[in-house]
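Student: Hi! Could you walk me through a few spots in this model?
Tutor: Happy to. Here it is.
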Amino acid sequence: MKVGIIGCGFVGSSAAYAMVLQGVVSELLLIDLNKDLAGAQAEDILHATPFATPVRLAAGDYEDLEGAALVVLACGVAQQPGESRMQLLARNVRVFQLVVPQVLSHAPEALLLVASNPVDLITEMVTRISGLPSGRVFGSGTVLDTARFRTLLGEFFGVAPHSIHASVIGEHGDSEVLVWSSAQVGGVTLKDLAAQVGKPVDAEVKARIDDGVRRAAYRIIEGKKATYYGIGAGLSRLARAVRNDERGVFTISMHETVEGNGAISLSLPRILGAAGVVATLQPTLSAEEQEGLRHSAATLTEAAGEISL
């Protein structure tokens, strides 16, 4: 599968590196406004292919996207000191108004995977700009938050995170919702597992894990200025689901109507395959979680209302 990545900063390059090491792509094209950066990233990653799988890898321009099945949008401008989120979004509108038409001009059949933050609002923006059906435009959403949730539950119970089914939904941000009520480990509810292994999931444990998920990005950014390895691996995993037409379930962001709100881009468990998002699953939520999802949707709807295209 041929994949294009627009934006070769920390996130774009980490995604490219993960895709190469995991053998997800047969051809990978890197594009950046800074052509020297794109070329350097491509050359550096190419030198890892003898330790992984053969990949045709190059830096190029939009016309080189022809035949790409998936294009990852990891571009955009960084927030400046004193700049509000809406001012940042206004500047990013101009970036994506230039990028998206060029991508679709040369790769009209490609799926668009948004990785830039704030990912839900930019997914909403790209959906509007592209005019594509919402299933062909999706964001990484809470894929990383879900991975963090499963990792911390795994550490608490001493179980591999692959065996844990638990999701984070809503906004990829402060209003996200950890779905405790339907989380399972090997088909066993958290309540039953806690009783079996003698590790009660009390309010203190929930608060600690919630903080570990919700505040992770803040701690990582404070320590090393940016987060990129986790999301790079997550983007690679989504690309693999597209390549294999897996129909796997991932908490990705997409434009869709949410109960109690209009249509907005946020994360729910969605089935992803070669055609993009083919279905959305409605998780069983407690009353508190349902209210949290409505609040998250309302928060995003209010912010999206200020986007002017």
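Tutor: Let's begin with the side chains of Asp-145 and Arg-148, which meet in a salt bridge at 3.9 Å, N to O. Salt bridge here means a side-chain nitrogen of Lys or Arg within 4 Å of a carboxyl oxygen of Asp or Glu. One caution: this is a predicted model, where local features need pLDDT of at least 70 and side-chain atom pairs count only at pLDDT 80 or more, while totals for chains, interfaces and linings use all residues. Residues are numbered from 1 along each chain as its sequence is written, and side-chain values use heavy atoms, with hydrogens and water left out.

Student: How many residues apart are Asp-145 and Arg-148 in helix 5?
Tutor: They are 3 residues apart, so about one helical turn separates them. Helices are DSSP runs of H or I with at least four residues, strands are E runs of at least two, and both are numbered from the N terminus.

Student: Is Arg-148 buried or exposed?
Tutor: Arg-148 counts as buried because its relative accessibility is 14%. The cut-offs are under 20% relative accessible area for buried and over 50% for exposed, with partly exposed in between (1.4 Å probe, protein chains only). Asp-145 is buried too, at 2%.

Student: What is Arg-148 in contact with, leaving aside neighbours within four places in sequence?
Tutor: Val-213, Ala-216, Ala-217, Ile-220 and Thr-227. Contact means heavy atoms within 4.5 Å.

Student: And where is Thr-142?
Tutor: Thr-142 is in the loop between strand 6 (137–139) and helix 5 (143–157). Thr-142 counts as buried because its relative accessibility is 0%. Beyond neighbours within four places in sequence, its contacts include His-172, Thr-251 and Ser-267.

Student: Back to salt bridges: how many does a search of the whole structure find?
Tutor: It finds 12. One of them joins Asp-210 and Arg-214, with the closest N and O atoms 2.9 Å apart. Those two are 4 residues apart in helix 7 (residues 203–214), so they too are separated by about one helical turn. Arg-237 and Glu-246 also meet through their side chains, at 3.0 Å, N to O.

Student: Which residues are linked in a network of salt bridges?
Tutor: Lys-2, Glu-27 and Arg-56.

Student: New topic: how do strand 11 and strand 12 pair?
Tutor: Strand 11 (residues 263–273) and strand 12 (residues 276–280) are antiparallel, over 4 bridges; two strands pair if DSSP finds at least two bridges between them. They form a hairpin with 2 residues between them, and Arg-270 stands opposite Thr-280.
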